[in-house]
Amino acid sequence: QVQLLESGGGLVQAGGSLRLSCAASGLTFAEYRLGWYRQAPGKEREFVAGIFESDGGSTFYADSAKGRFTISRDNAKNTAYLQMSSLKPEDTAVYYCNAVTRAASSEYWGQGTQVTVSS
């Protein structure tokens with residue numbers, strides 16, 4: 001059974017930092033492209049950051065995340081990370097981890113972790 005388990009969310013003041021983790025099990029982690037998405041109340045889920053399959057793989061970011069967030073992965077630990085800094089109240093959302101194969105033949109989502117940024 002595939003499971004993606006996010007952790008590291010919480011309440012932080014504007015300007016602060018958080019590191020989210022996504023621990024995966026039940027899949028061949030290195031074969032999956034990983035992404036972080038978020039959904040704020042009343043809004044659609046949106047892409048935040050992604051990283052290709054290999055350790056140190058190419059990364060890509062939403063404009064809102066560029067320069068503030070860093071996505072990384074450790075294939076040996078089956079874990080992906082999202083380091084967030086200079087957080088803003090508009091970053092408040094539930095953050096979800098996503099894993100998808102290159103051919104999009106398999107895709108999984110975590111249950112989400114809440115990030116709240118106070119002003």
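Colleague: Which residues are linked in a network of salt bridges?

Modeller: Arg-38, Glu-46, Arg-68 and Asp-91 are linked that way. Keep in mind that this is a predicted model.

Colleague: Why is the contact of Glu-46 with Arg-38 called a salt bridge?

Modeller: The cut-off is 4 Å between a side-chain nitrogen of Lys or Arg and a carboxyl oxygen of Asp or Glu. The closest N and O atoms of Glu-46 and Arg-38 are 2.6 Å apart. That is within 4 Å, so the pair is called a salt bridge. By this rule the count comes to 6 salt bridges.

Colleague: Are Arg-38 and Glu-46 buried, partly exposed or exposed, and how do you know?

Modeller: Buried means under 20% relative accessible area, and exposed means over 50%. Arg-38 has 6%, so Arg-38 is buried. Glu-46 has 35%, which lies in between, so Glu-46 is partly exposed.

Colleague: What makes Glu-53 and Arg-102 a salt bridge?

Modeller: Their closest N and O atoms are 3.5 Å apart. The limit is 4 Å, so this pair counts too.

Colleague: How far apart are the closest N and O atoms of Lys-66 and Asp-63?

Modeller: They are 3.1 Å apart, and the pair forms a salt bridge. Both Lys-66 and Asp-63 are exposed.

Colleague: In what order do the strands of the open sheet run?

Modeller: The order is S1-S3-S8-S7, with 4 strands and antiparallel pairing.

Colleague: What makes strand S1 (3-7) and S7 edge strands?

Modeller: Each has a single partner strand, so one side of each is left without a neighbour in the sheet. Neighbouring strands of this sheet are turned by 15° against each other on average, direction ignored.

Colleague: How do you know that S1 and S3 pair?

Modeller: Pairing needs at least two bridges. S1 and S3 have 5, so they pair, and the sense is antiparallel. Ser-7 has Ser-21 in S3 as its bridge partner. S3 and S8 are joined by 6 bridges and also run antiparallel. In that pair, Cys-22 stands opposite Ala-80 in S8.

Colleague: Which side chains of S1 point to the buried face?

Modeller: Leu-4 and Glu-6 point to one face and are buried.

Colleague: Why is Thr-79 called buried?

Modeller: Thr-79 has 9% relative accessibility, under 20%, so Thr-79 counts as buried. Thr-79 lies in strand S8. Beyond its neighbours within four places in sequence, Thr-79 is in contact with residues including Ser-21, Cys-22 and Phe-29. Thr-79 and Cys-22 are 57 residues apart in sequence, but 5.4 Å apart in space, C-alpha to C-alpha. The Thr-79 side chain also reaches the backbone oxygen of Lys-77 at 2.8 Å.

Colleague: Which backbone oxygen does the side chain of Asn-75 reach?

Modeller: The side chain reaches the backbone oxygen of Glu-53, at 3.2 Å. Asn-75 lies in the loop between S7 and S8. Asn-75 has 15% relative accessible area, under 20%, so Asn-75 is buried.

Colleague: What makes the phi of Asn-78 worth a remark?

Modeller: Most residues other than glycine have a negative phi. Asn-78 is not a glycine, yet has a positive phi of about 55°. Asn-78 is found in the loop between S7 and S8. Ser-86 also has a positive phi, near 50°. Ser-86 lies in the loop between S8 and S9.

Terms used. Residues numbered from 1 in each chain as written. Predicted model: local features only at pLDDT ≥ 70, side-chain atom pairs only at ≥ 80, totals over all residues. Heavy atoms only, no water. Buried < 20%, exposed > 50% of the residue type's maximum accessible area, 1.4 Å probe, protein only. Helix = DSSP H or I, 4+ residues; strand = E, 2+ residues; numbered from the N terminus. Axes fitted to C-alpha atoms, helices over the stretch in contact; angles between N-to-C directions. Contact = heavy atoms within 4.5 Å. Polar contact = N/O pair within 3.5 Å; in protein donor to acceptor, adjacent residues only side chain to side chain.
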